[in-house]
Amino acid sequence: FTHPFGCSQTGHDHAQTRKLLAALVRHPNAAAVLVLHLGCENLQHDQFVEELGEYDHDRVKFLTCQDVEDEFAAARDILKQLAAYAGQFKRQPIPVSELVVGMKCGGSDGLSGITANPTIGRFSDMMGQRGGSTVLTEVPEMFGAEGFLMDRCIDRDVFVKAEHMINGFKEYFISHNEVVYDNPSPGNKQGGITTLEDKSCGCVQKGGSAPIVDVVGYGEQVHARGLNLLNGPGNDLVSATALTAAGAQLVLFTTGRGTPFGAPAPTLKIATNTPLAEKKKGWIDFNAGTIADGSQSIGEAGAALYALVLDVASGKQTRTEQKGYREISIFKDGVVL
C-alpha cells in the first residue's frame with residue numbers, strides 16, 4: 001500500500017499518519033507485514049516502532065531502502081521469511097461475535113436511504129444481536145441527522161464523545177473557511193439527493209436501531225462490541241481506510257452511482273438500484289434495489305446481506321479482491337514543508 005506521506009509533515013498531521021500506519025500494521029487481516037522506509041523521511045524507523053508498541057518480530061519486519069544496495073532483492077528475502085511465518089497458520093472456526101464490519105456509503109442516489117442503507121442498518125442490528133461489532137463513520141454526513149444517533153448513546157460519556165466528534169468536525173470546516181453545507185456532491189445531486197440533511201438522513205440509516213456503545217478516534221481501534229461511531233471524513237477512500245485501521249475485517253459500501261474502489265479490507269459493494277447492479281456486475285457484489293422493485297423486504301435483504309458477509313468473512317472474494325484493486329488514503333490536515 002503506497003502513500004505520499006511520512007515526509008514533509010509536522011505536528012498533529014505527522015502524528016496522524018504515524019498512528020494510521022501503525023494501526024494498519026496491527027490489523028487482524030494481515031498475517032505478516034513488511035514496512036518499507038525510504039530512510040530520510042520525517043517518520044523515522046525508531047519513531048514508528050515506538051508508535052507501534054510491542055509486536056511479534058516474526059510477523060512484522062522492516063526495510064530501509066537507502067540502507068541496502070538492491071531494495072528489491074532485500075525485500076524478496078524478507079517476504080520469503082514472512083510468507084513462511086504466515087503459512088504456518090490453519091483455518092479454524094470463530095464466532096460472529098469476533099467480527100468487526102465497517103459501514104460506508106458513496107456516490108449516493110435518491111434510493112440510498114430507502115434501500116441499501118436501511119439494508120445495512122438491518123444487518124448491523126443482526127450483528128449486534130449476535131455480539132458482533134459494526135462501525136459507522138462519515139461525520140460530515142451526520143450533520144442534520146445527529147439526533148438519530150446521539151439519542152441512542154448508551155450513557156453520558158458516549159454522548160459527550162459523540163457531541164465532541166460532530167461539533168469538532170464542524171469547527172474543522174469553519175477553521176478552514178469552508179461552508180459546512182458544501183454537500184451533497186454533484187454526483188449525489190444527479191442521483192436525486194437535494195440537501196445535506198437528505199444525504200445525512202440516508203447515511204445514518206446504516207446504523208440501524210441499536211444503541212451506540214462507543215466513539216472511536218481516527219487511527220484508533222474498536223474495543224466495545226456493538227455499534228461504534230468512528231471519527232473520520234466522508235471521502236470514500238479516506239474513511240474506508242480509517243474503518244480498516246479501526247479493525248474492520250471487511251467494509252460494506254453502498255452506492256447508487258457506482259465505484260470500483262477497494263479499501264485495504266475486503267470491500268463489499270451494495271447497489272441501491274437494480275439498473276446499476278445489472279450495468280456494473282464487475283463492481284457490485286449485492287443488489288439492494290430488489291427492495292425498490294418490490295421483490296424483497298428490507299428484512300429479507302438484510303438477512304441475505306448477513307449471509308453474504310459471513311461468506312466473505314469465511315474467504316469468498318469480493319469483486320475488488322478478484323480484480324486485485326485496493327489502496328489506502330490518509331487523512332491529510334496540516335502544513336507541507
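Helix α4 (residues 116-129) packs against helix α12 (residues 298-313) at an angle of about 65 degrees, and their axes lie 8 Å apart. Helices here are DSSP runs of H or I with at least four residues, strands are runs of E with at least two, and both are numbered from the N terminus. The axes are lines fitted to C-alpha atoms, for helices over the stretch in contact, with angles running from 0 to 180 degrees between N-to-C directions. This is a predicted model, in which local features need pLDDT of at least 70 and side-chain atom pairs count only at pLDDT 80 or more, while totals for chains, interfaces and linings use all residues. Residues are numbered from 1 along each chain as its sequence is written, and side-chain values use heavy atoms, with hydrogens and water left out.

From the α4 side, Pro118, Thr119, Ile120, Arg122, Phe123, Met126 and Met127 meet residues of α12 that include Gly299, Gly302, Leu305, Tyr306 and Val309, where contact means heavy atoms within 4.5 Å. The residues of this contact divide into 11 nonpolar, 3 polar and 1 charged; Ala, Val, Leu, Ile, Met, Phe, Trp, Tyr, Cys and Pro count as nonpolar, Asp, Glu, Lys and Arg as charged, and the others, Gly among them, as polar.

Phe123 counts as buried because its relative accessible area is 0%, the term buried meaning under 20%, exposed over 50% and partly exposed in between, with a 1.4 Å probe and protein chains only. Leaving aside neighbours within four places in sequence, Phe123 is in contact with Val101, Thr134, Leu252, Gly302, Leu305, Tyr306 and Val309. Phe123 and Val309 are 186 residues apart in sequence, yet 9.2 Å apart in space, C-alpha to C-alpha.

Leu305 and Val309 are also among the residues with the most contacts inside the largest nonpolar core, which has 74 residues, and Leu229, Leu252, Leu268 and Ile270 are named with them. Such a core is a set of buried Ala, Val, Leu, Ile, Met, Phe, Trp, Tyr and Cys residues joined through side-chain atoms within 4.5 Å. Apart from this core lies another, of 5 residues, among them Leu63, Ala74, Ala75 and Leu82. Leu268 touches, beyond residues up to four places away in sequence, a set of residues that includes Val251, Phe253, Phe286, Leu305 and Val309.

The strands form an open sheet of 7 members in the order β5-β6-β4-β3-β7-β8-β9, with parallel pairing; two strands pair if DSSP finds at least two bridges between them. Its edges are β5 (212-216) and β9 (286-287), each of which pairs on one side only. Within the sheet, β3 (residues 100-105) and β4 (residues 133-136) pair in the parallel sense over 4 bridges, and Gly102 stands opposite Val135 in β4.

Most residues other than glycine have a negative phi. Ser8, in the segment before α1 (11-25), has a positive phi of about 60 degrees, and Ser8 counts as partly exposed because its relative accessibility is 24%. Glu138, in the loop between β4 and α5 (146-150), has a positive phi near 70 degrees, but Glu138 is buried, with a relative accessible area of 0%.
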